[in-house]
Amino acid sequence: MGAISERVLVPAKIVRPLVTGAGLRNAASNCILGLSFFVAMIPAARALSLSLSGLANIVWLSGAAIMGILSFVRTPPRTTMVNMSTIGATAGMLFLPCLMRPIGASTGSLALAGLAFELFGIALTQVARVYMGRSFGILPANRGVVSKGPFSLIRHPIYFGWIVLSIGYAMSYPTARNILLILVTLPFMVWRIEQEETHLSEDPEYCTYEKRVRFRLWPGVI
């Protein structure tokens, strides 16, 4: 009796393309965002000087440069919330502060206080970004829930750091233009926070985090 041969079917290996449309869109948006931060730095970069107010300007530029660099390596989002409202809130929050100018420098204790605020603000935002890693985003999106470091105290430490940094910049350059731009930016920031939390509330992990960390911007207050 002859041997009975049996053909074994081996599943075909799935070959995933190295380049995808989604990947290209993510890379393009990262590049556009990163370049926009560097372009926004140009007016302030023209006003560099070796002085107390010049140091405050360098701190501001450093924060923008770090934002630009991180924009190039962002993690693709799991889900996103892209519509005219989110684009409007994000644009207002990001680009209005870019219209502030390093003119009318303050002196004395006000300048020192402004620099201290800036240093604290940028330190907080950068520590928060270290914990966030490549999950950094602009439009509301879910890139995973970050709950350690500053995020264990407040839900939006980067926004809070930006507020402190901006107040310090306005103290260093206390012009009506700079102060007005900060006041106009704040409603866009609140709007953006509401959109982000609405989107993330669809994730059960974020809902658990939201119950554990009750405050958005200031422990025990906001």
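User: Where is phenylalanine 37 found?
Analyst: Phenylalanine 37 lies in helix H1, residues 21-40. Helices here are DSSP runs of H or I with at least four residues, strands are runs of E with at least two, and both are numbered from the N terminus. This is a predicted model, in which local features need pLDDT of at least 70, side-chain atom pairs count only at pLDDT 80 or more, and totals for chains, interfaces and linings use all residues. Residues are numbered from 1 along each chain as its sequence is written, and side-chain values use heavy atoms, with hydrogens and water left out.

User: Is phenylalanine 37 buried or exposed?
Analyst: Phenylalanine 37 is buried, at 10% relative accessible area. Buried means under 20%, exposed over 50%, partly exposed in between, using a 1.4 Å probe and protein chains only.

User: What does phenylalanine 37 touch?
Analyst: Beyond residues up to four places away in sequence, phenylalanine 37 touches Ala64, Met67, Gly68, Ser71, Leu94 and Ile138. Contact means heavy atoms within 4.5 Å.

User: Switching to threonine 175. Which loop is it in?
Analyst: Threonine 175 sits in the loop between helix H6 (157-172) and helix H7 (176-200). Threonine 175 is buried, with a relative accessible area of 17%.

User: Which side chain does its side chain make a polar contact with?
Analyst: The partner is the side chain of asparagine 178, at 3.2 Å. A polar contact is a pair of N or O atoms within 3.5 Å; within protein, one must be able to donate a hydrogen and the other to accept it, and residues adjacent in sequence count only if both atoms are side-chain atoms.

User: And the chain, how many helices and strands?
Analyst: Eight helices and two strands.
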